[in-house]
Amino acid sequence: MPAADPAVKSSKTSTSSRLPDLTPQQKIALYRQMLLIRRFEEKSKQAFTQGKIKGFCHLYNGQEAVAVGTNSVLNEDDAMITAYRDHAHALVRGVDPNACMAELFGKITGCSRGKGGSMHFFDVKKHFYGGHGIVGGQIPLGTGLAFAQKYLGTGRVTLAYMGDGAINQGAVHEAMNLAALWKLPIVYIIENNEYSMGTTIARSSAGDPLTKRAGAFDMAAIQANGMDIDDVRAKTFEAVSLARTESLPTLMEIRTYRYFGHSMSDPGNYRSKEEIEARRRSDPIELYKVRLFEQKLATEESLNAIDEEVSAIAQASYDFAEQSPEPELETVFEDIFAPEDQIAEFRPDPRG
Amino acid sequence: MPTLTYREALNQALSEEMERDERVFLMGEEVAEYDGAYKVSQGLLKKFGPKRVIDTPISETGFAGLGIGAAMYGLRPVVEFMTWSFSLVAYDQIVNNAAQVRYMSGGQFSVPIVFRGSSGGGLQVGATHSHTPENWYANVPALTVITPAFPDDAKGLLKSAIRSNNPVCFLENEKLYGYKDEVPEGEHLVEIGKARVRREGNDLTIVSNSGSTHRALNAAKQLEAEGISVEIIDLRTIKPLDFATIAASVTKTNRLLIVEENKPFAGWGAQVAYQVQRELFDDLDAPVHRLTSLDVPQPYNGRLEQAVLPNEERVIAAVKEVLT
C-alpha cells in the first residue's frame, strides 16, 4: 500500500468552506480503505486465534466508515489520537499495514518496535498520536495537541476519538471544559457502538443523547450515521471547519456498530445473534458498494479486484510479521529516555 | 553573592527559562492573576502575558493531560500542582502517559514536561494536603524526581528540569518557600542526579532531602556540641539516585542514617538502605537506620503533627541509636 493514498489526499482542504465533491477515483479509494481495514482486521482475528497476537485485541469490523470518513476530511498534517480500538486509525493515517501487523505480533519491525502492541500503535511521521489503553485517558492528551497547534499558530486541527464507554470519565469532562474555555481546534468524536464492553448506553449513561454533554460547556455538537460514509464526511467536515476557521471545539457522536465482541477475549454473550445479523444489513462497506453501483462507478468485477488486492495486502502483512525478528532482549532498556541535547552531562541510565 | 528566598529562586528560574525558550509556558491553578498560591509565579503574567502564563480551572487530570499532549507536540510545559497532594487526581496521566508514552511508542515521542508544586507537611493543613509523594513517583520508571532543599539548588535544578527532554516531577517544600540563602549570579544550572554534601563529618552519614535536610542540619549542630560529627548529604534528586556520593561518605563514616519525611513503607529511603547494605555491606559498622514520618495519616493538631514528622529530637535520638 502506498504511504499515503493519493486519490483520497486531494480531497482534503484547509480553507474551503464547503466539502468538495469527490472524484470517482476518490470514491473508489474510500471503498478500498474501508475494505482494507475489514480484511486487515479479519487477518488479525485469525492471527490472534492462532496465538500469534497476545494480550488484548480490539477489532473494528463494522465501524470502518468512521475512521475512513473522518480521516478523509483531514489534512495529512492534522493530528489524530484515539483509544485502543486503533488499528483502523493507524491504517487511515497511512501507517504501513506491515508495521501494524508486526506490532500486533510484537516484532521489532512493528510501528512501536514491539513495545506497544495492539492498543498502542503510534506513528509520529503520520501525525498519529496513538493508541491508548486507559479509557478516556487520551482525551486530555488530544486536548493538549490542539492546545499546542493553537499555541504554535499551525492552522492544524486535532481529531480525538473515544468510545461510548469513555464519555463518563472525569478526564473527558475536564478536557472538554478546557477546550471550550480556551477555544481549542479540536473535534471530539464518540464512536458510539452502543456497548462499552458488555454494558449498553442505557445502563451506563444518564443523559440522552450523548451529545447533550457538549451543551454543558456551550460546545457545538453534531451527530452522524456511522454506517454512511458520506454522512460521516459531511458532518465531520462541519466540525473540522469550525475548528480550523474559528478554533472552536465540537463534540461529535457517530452512531456505529461492532460485529465482534469488545475484544478477542469477549464472547459477546450480551448480544443476540439476531441483533448482530440485523445490524449487518446496514454494513457500511455494502452500503457504499450499492452507492458506487448506482453511480456507475464500479462493477462487481472491479470491486472484486480491489478485494483481491487488499486481501493480498493483509496476507502480506501477516507474512511480514511472521518473518520479522523478535526484538533483542537489550531493547527492553531502549526508548525510555529522550536524548538530553540540552543538558550535555545528564544521561539517565535505565539500568540504574 | 545575592541572597534569595527559595520562592524567589524558583521565580527566577521560571522567568529565565521562559525568556530563553518560547516553547516553555506555565500552567496551573492561580499561577497567573493571583501570582501563584505561594507566589512562586509572582510577576510572570505581567512579564510574559496570558499566552505563556495560564490559569487553569480546577481539573488536574485535564490540565496535566493537556500539558502532556502539548509536550508530545513539541512544547515544553511547566504544569503546577498547587500542592503535590493534588497531583493524585492526575496520577493516571502522569504515570500512564507522561512516563510511558515514549516507551509505548517505541521512542517516537518525548515528553519534555515539568510537573512542579509544593509538598510536605508541618503546616497543620491535614491529611489530604500534607503529602510527600516523591516515592510514589520515584517508583515509576522513566520519571525524574527532584526535591531541592536550598534556594541555589531550587533555581539550578528547576532550570535543568525545564531543559530536560524527559518528564520531571519537581517537588518543592512548602515550609521552605521563605528560606533565604545565597544563590550564584548569572546562569546557574545544577546537574540533575547529583547529591551534595551539605555538612562534612566523620562519625555517621545522614542521607536526607528537602525539609528533612534542614532538620538534620539543625540536629547536627546540637550533636556537634556533644562531640558527635555528622556528615549530611542532601540528595537533591531522588531519582536518578546519586549512589556514588552516598558510597563515598559511608565508606568514610561506616554508619548511615536516612532521614525522610516519606511514610515508612516503601519510602525512598528503603531503596537507599537496600542499595547501601547490598553494595557496602563490609563497610558498615552498624545496620542502616531509617527515620521516617510515623506510619499514620497526617493529623491537624500541631503537637501531634510534629510528633509524626522526623523532627530534630527524633533525628538526634536516631543518630545516637546508630552510634551505640
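## Confidence

pLDDT is the predictor's confidence in each residue, on a scale from 0 to 100. The model is predicted. Chain A has a mean pLDDT of 93, with 92% of its residues at 70 or more.

Residues 1–14 of chain A are a stretch where pLDDT stays under 50. For residues 1–14 of chain A, the model has 29 contacts beyond four places in sequence.

## Domains of chain B

Chain B divides into domain 1, residues 3–182, and domain 2, residues 196–323. Between the C-alpha centres of these two domains of chain B the distance is 26 Å.

In chain B, contact between the domains involves 23 residues of domain 1 and 21 residues of domain 2. On the domain 1 side, helix 6 (134–138), strand 6 (144–146) and helix 7 (151–163) of chain B each give two or more residues. By class, this side of domain 1 of chain B has 9 nonpolar, 11 polar and 3 charged residues.

## Interface between chains A and B

Across the interface, 40 residues of chain B are in contact with 41 residues of chain A. The elements of chain B that give two or more residues to its side are helix 3 (60–73), helix 4 (91–98), helix 5 (101–104) and helix 7. Helix 3 of chain B supplies the largest share, 11 residues.

The side of chain B that touches chain A is made up of 15 nonpolar, 21 polar and 4 charged residues. Helix 7 of chain B is listed both for the side of domain 1 that touches domain 2 and for the side of chain B that touches chain A.

Terms used: Residues numbered from 1 in each chain as written. Chains lettered and ligands numbered in written order. Predicted model: local features only at pLDDT ≥ 70, side-chain atom pairs only at ≥ 80, totals over all residues. Domains from an automatic or database assignment. Contact = placed C-beta atoms within 7 Å. Helix = DSSP H or I, 4+ residues; strand = E, 2+ residues; numbered from the N terminus. Nonpolar A, V, L, I, M, F, W, Y, C, P; charged D, E, K, R; others polar.
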